[in-house]
Amino acid sequence: MSKNVTQKLIQSHLLHGDMKPGEEIGIRIDQTLTQDATGTLVMLELEAMGLDRVKTEVSVQYVDHNIIQEDFKNPDDHLFLRSACQRFGVWYSRPGNGVSHPCHQENFGKPGKTLLGSDSHTPAAGAIGMLAIGAGGLEVALAMAGEPFFTRMPLIWGVKLTGSLPDWVSAKDVILEMLRRHGVDGGVGRIVEYYGPGLATLSAMDRHVIANMGAELGATSTVFPSDLEVRRFLRAWQREEDWVELAADADATYDVNEEIDLSSLVPLIAMPSSPGNVRPVSEVAGERIYQTYIGSSANPGYRDFAVSALMVQDRKVNDRVSFDINPTSRAQLETLVRDGHVAHLLHAGARLHQAGCNGCIGMGQAPATNEISLRTVPRNFPGRSGTREDKVCLVSPETATASALTGVITDPRTLGISYPRIADPDHPIINRAMFMPPLPLEEALHVDLVKGPNIASLPNFEPLPDEIEMPVLLKVADDVSTDEIMPPGLRVLPFRSNIPKIAEFSFDRLDPTYAARAKQVRGHVVVGGSNYGQGSSREHAALGPQYLGLRAVLAKGFARIHAQNLINFGVLPLTFVDTADYDDIQAGDVLRLTNLRHVLTEGDELVVENVTRQYKFQMRHTMSPRQVRFLLRGGLISWMKERLSALPESSDT
């Protein structure tokens with residue numbers, strides 16, 4: 001039977017289940033990616049499991065999110081991560097080496113392989129023909145321990161690309177067009193696969209931009225074929241031997257079909273405060289701005305910076321604009337310096353930052369109060385930038401730079417200058433000295449984990465009680481993101497390895513009283529709308545509220561990663577059978593769920609009683625029997641700890 005690229009990738013790694021949409025499947029994971037905002041917990045989870053050494057082909061720990069060292073907490077975590085990499089057999093990417101996703105594509109990604117990452121933008125690696133999926137840290141820890149990754153078999157969404165991009169339109173506008181058409185939940189339960197003649201006009205890093213922001217569609221992953229452009233990219237990074245061709249069969253079909261004529265696209269902008277709030281730049285041109293920000297995993301390539309540099313060459317940015325340049329890898333920065341582009345940027349007024357995530361995750365460069373910031377980052381959720389009432393817009397490097405020159409939102413086609421078409425170099429400067437390889441096993445076993453005073457071992461997780469009678473402590477609307485459940489940024493993320501402390505920030509953007517009120521009751525419930533938990537894979541958004549007593553979330557629908565994170569830490573995720581029941585529940589109502597062990601194992605529907613208002617309604621769970629077992633035990637850590645102690649050499653289940 002003919003197959004598309006995604007089906008070939010899944011079939012070659014399939015360990016459990018059938019490739020039928022909606023069925024649970026388990027796949028072998030070849031590589032893992034962790035970063036410091038999530039990797040600290042992953043390493044603590046490996047410690048809690050009692051693992052001796054990772055069992056993947058390659059596992060890499062990046063330090064890219066928390067690189068600002070305003071006190072001891074971040075540098076302490078860096079040393080902890082370094083020691084954990086030595087102890088467990090993981091590559092370590094030092095602070096300042098760059099953002100995980102482009103660095104991984106440049107140095108470790110291989111077509112035909114699977115990659116699981118504790119970062120929701122891990123699917124960026126699909127740019128070179130990988131099956132790359134973002135997940136909670138605990139699932140990544142399990143993969144590092146040799147366990148399969150389980151998920152529901154998604155629908156495959158084939159997007160045929162034709163034509164070529166016109167001047168002043170680039171890869172960011174392609175994914176913004178997808179978001180304009182389908183919104184932030186259009187990809188839920190799907191893997192997006194791009195194909196067609198238009199691919200020939202997109203570089204490997206152009207594809208990275210598109211695959212990276214497939215996460216904003218809610219997609220499980222994004223896949224591109226491995227073709228001659230991927231071969232060229234790997235050759236440039238002196239890894240041509242890692243290339244294999246991977247293409248869809250000529251008569252391959254897709255579950256869902258779409259077509260984009262690249263030549264018809266225009267510069268687009270996602271207005272505050274959602275990646276799905278997309279409009280043509282021309283419709284909002286003229287609005288005054290304060291900041292433009294170029295870089296991040298969503299525009300990490302050489303050409304993204306070089307185009308900007310040539311646009312501002314012999315010009316000056318508007319004196320009111322903060323023109324922030326955020327290099328995404330040290331190697332890219334060295335190459336841009338070599339080719340003179342950094343000089344053009346600096347001379348025009350750019351503020352140059354170290355290679356890392358920085359402002360994308362709210363780590364510096366927050367915009368001014370009530371002022372517009374144009375950014376090439378992947379997300380503009382409320383307050384993510386570090387300014388509580390921010391006005392962040394998502395744009396291409398071309399639109400950001402044109403606006404920096406004029407001081408207002410500007411369609412770059414109106415600048416009146418020639419478009420600088422730039423190709424990624426065939427001979428970049430390659431600097432792998434900032435990667436520390438794993439130690440041999442005999443040395444690794446003697447390494448002690450280095451824990452500063454802010455690093456605390458994980459708490460114990462109690463089994464789910466058979467009966468829940470608890471108040472609804474909070475009711476929230478549709479599309480609540482993990483940034484709103486557990487804020488990122490300089491104020492919060494330094495406590496990522498201290499669960500009792502970071503829990504105090506839970507939901508504080510939606511209800512600053514939540515944590516204090518949670519401490520006053522013995523367990524509670526949260527009620528949510530549709531697409532609950534969209535965004536980041538940070539499991540702190542499940543773990544923080546769980547630490548405060550969250551035992552169940554009742555929602556119209558869940559984002560995939562967050563639902564799994566809730567299960568992993570013993571929190572029950574339930575969806576309304578009739579979404580009208582959402583409207584009848586009020587904050588403060590006491591809900592009762594009984595006989596949970598029997599109900600969850602015997603079926604997928606259960607009755608909830610609203611004790612306060614004296615009526616009953618139906619809820620549904622979508623967990624597999626395997627997930628129910630984890631949940632009832634209190635989560636995956638307890639299960640895996642028992643498994644490793646019983647089976648010295650972990651095997652598939």
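How many bridges join strand β5 to β20, and do the two run parallel or antiparallel? The legends below refer to a predicted model.

**View 1. Strands β5 and β20 are joined by 2 bridges.** Strand β5 comprises residues 91-93, and the two strands run antiparallel. Within this pairing, Ser93 stands opposite Phe435 of β20.

**View 2. Six strands form an open sheet with mixed pairing.** The order across the sheet is β7-β6-β3-β4-β5-β20. Its edges are β7 (131-134) and β20 (435-436). Each of these has a single partner strand, so one side of each is left without a neighbour in the sheet.

**View 3. Helix α12 (residues 341-348) has buried residues.** His341, Val342, Leu345 and Ala348 are buried in this helix. These residues lie on the same side of α12, because they cover an arc of only 135° around the axis.

**View 4. The buried residues of α12 pack against helices and strands.** The helices in this packing are α10 (302-312) and α11 (330-338). The strands are β16 (322-326) and β17 (351-352). Just after α12 comes Gly349, with a positive phi of about 120°.

Notes:
Residues are numbered from 1 along each chain as its sequence is written. This is a predicted model: local features need pLDDT of at least 70, side-chain atom pairs count only at pLDDT 80 or more; totals for chains, interfaces and linings use all residues. Side-chain values use heavy atoms; hydrogens and water are left out. Two strands pair if DSSP finds at least two bridges between them. Helices (H or I, at least four residues) and strands (E, at least two) are DSSP runs, numbered from the N terminus. Buried means under 20% relative accessible area, exposed over 50%, partly exposed in between (1.4 Å probe, protein chains only). The arc is that of the directions from the helix axis to the C-beta atoms. Contact means heavy atoms within 4.5 Å.
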